[in-house]
Amino acid sequence: MESSKILNVIGVYLLFMGVFSIAYSFFARGNTSQVFWLCYVSSVFFGFGILTRKSNLILAQVSIMTIPLIIWNVDFFYHLVSNNPLWGITNYMFVPDNSLLDRFISLQHIYTIPVTLFSIYKLKDKKVFFSRILKIAFAEMIFIFILIKLFTSPDENVNCVFRNCLPFEIPLFYEFVWFAAVFLGITAVLFVLLKIIKIKRS
């Protein structure tokens, strides 16, 4: 019963943060493009997955978000400790006129994966389906890619869809490289994760 209450609190919080972040971007910032950021979308799916006890949905989001969040955290903590940018990804966190609310929303980059892995640990039913998780993750990324291409500007470069967010150029076939990196990253993270946490898989 105690584990169930903890999971419900985590699920409600992550779902709220995802919905709030999307609504804040749309209504307060007036920026429709930002609603497609994966950290916001995945937070909604994390919350829903935890509340409904859907391990496959949770792990699909973990496999999508782990590598991007590692990169974000390395850049953020390097900048925080050294007071100098590394790759420039998190420079917006150190801009003086960036509001406390904006910073608070972005702090979800730090705790989302640890909290969701803790939730997976607490779930009683840990049986997952490797191929199903990959299908969910791949379908989500393809759908997000299409929406970003159709409804956002290259200047905003949401989820690095239009060009590399790291400080080096990929001169040719960027879309192919983006999909290859995304799909290989998802598969690798999921494979390693299932090995580490040793849950049932099919």
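## Ser82 in helix H3

Let us begin with Ser82, which has its place in helix H3; helices here are DSSP runs of H or I with at least four residues, numbered from the N terminus. This is a predicted model, where local features need pLDDT of at least 70 and side-chain atom pairs count only at pLDDT 80 or more, while totals for chains, interfaces and linings use all residues. Residues are numbered from 1 along each chain as its sequence is written, and side-chain values use heavy atoms, leaving out hydrogens and water.

Ser82 has a relative accessible area of 28%, so Ser82 is partly exposed (buried means under 20%, exposed over 50%, and partly exposed in between, with a 1.4 Å probe and protein chains only). A polar atom of the Ser82 side chain lies 2.6 Å from the backbone oxygen of Tyr78 and a polar atom of that side chain lies 3.1 Å from the backbone nitrogen of Asn84. Along the chain, Ser82 and Asn159 are 77 residues apart, and their C-alpha atoms are separated by 26 Å.

## Ser25 in helix H1

Another serine to find is Ser25, in helix H1 (residues 2–28). Is Ser25 buried or exposed? Ser25 counts as buried because its relative accessibility is 0%.

The Ser25 side chain reaches the backbone oxygen of Ser21 at 2.9 Å. Not counting residues up to four places away in sequence, Ser25 touches Gly30, Asn31, Gln34, Val35 and Tyr40 (contact means heavy atoms within 4.5 Å).

## The nonpolar core

The largest nonpolar core has 44 residues, and Leu59, Met65 and Trp178 are those with the most contacts inside it. Such a core is a set of buried Ala, Val, Leu, Ile, Met, Phe, Trp, Tyr and Cys residues joined through side-chain atoms within 4.5 Å. H1, H2, H3, helix H5 (108–122), helix H6 (130–151) and H7 each supply at least two residues of this core, with the largest share, nine residues, coming from H6.

Leaving aside neighbours within four places in sequence, Trp178 is in contact with Met141, Phe145, Asn159, Cys160 and Val161.

## The largest pocket

Now for the open space. The largest pocket has a volume of about 1,300 Å³. Of the 43 residues that line this pocket, Trp37, Ile89, Asn159, Cys160 and Cys165 are the closest to its centre. On a 1 Å grid over the protein atoms alone, a pocket is an open set of points with protein on both sides within 12 Å along at least five of seven lines, a cavity is a set where a 1.4 Å probe fits but cannot get out, and lining residues have an atom within 4 Å of a point. Grid points are joined across faces, edges and corners, and a volume is the space filled by probe spheres set on them.

Helix H2 (38–51), helix H3 (55–82), helix H4 (100–106) and helix H7 (174–197) each supply at least two residues of the pocket lining, and H3 gives the most, with eight residues. By class, the lining has 28 nonpolar, 11 polar and four charged residues (Ala, Val, Leu, Ile, Met, Phe, Trp, Tyr, Cys and Pro count as nonpolar, Asp, Glu, Lys and Arg as charged, and the others, Gly among them, as polar).

## The enclosed cavity

How many cavities of 30 Å³ or more does a search of the whole structure find? The search finds one. The largest cavity has a volume of about 50 Å³, and its lining consists of Cys39, Ser42, Ser43, Phe46, Met65, Leu69, Gln108, His109 and Thr112.

H2 gives the most to this lining, with four residues. The lining of the largest cavity divides into four nonpolar, five polar and no charged residues.

Note on methods:
A polar contact is a pair of N or O atoms within 3.5 Å; within protein, one must be able to donate a hydrogen and the other to accept it, and residues adjacent in sequence count only if both atoms are side-chain atoms.
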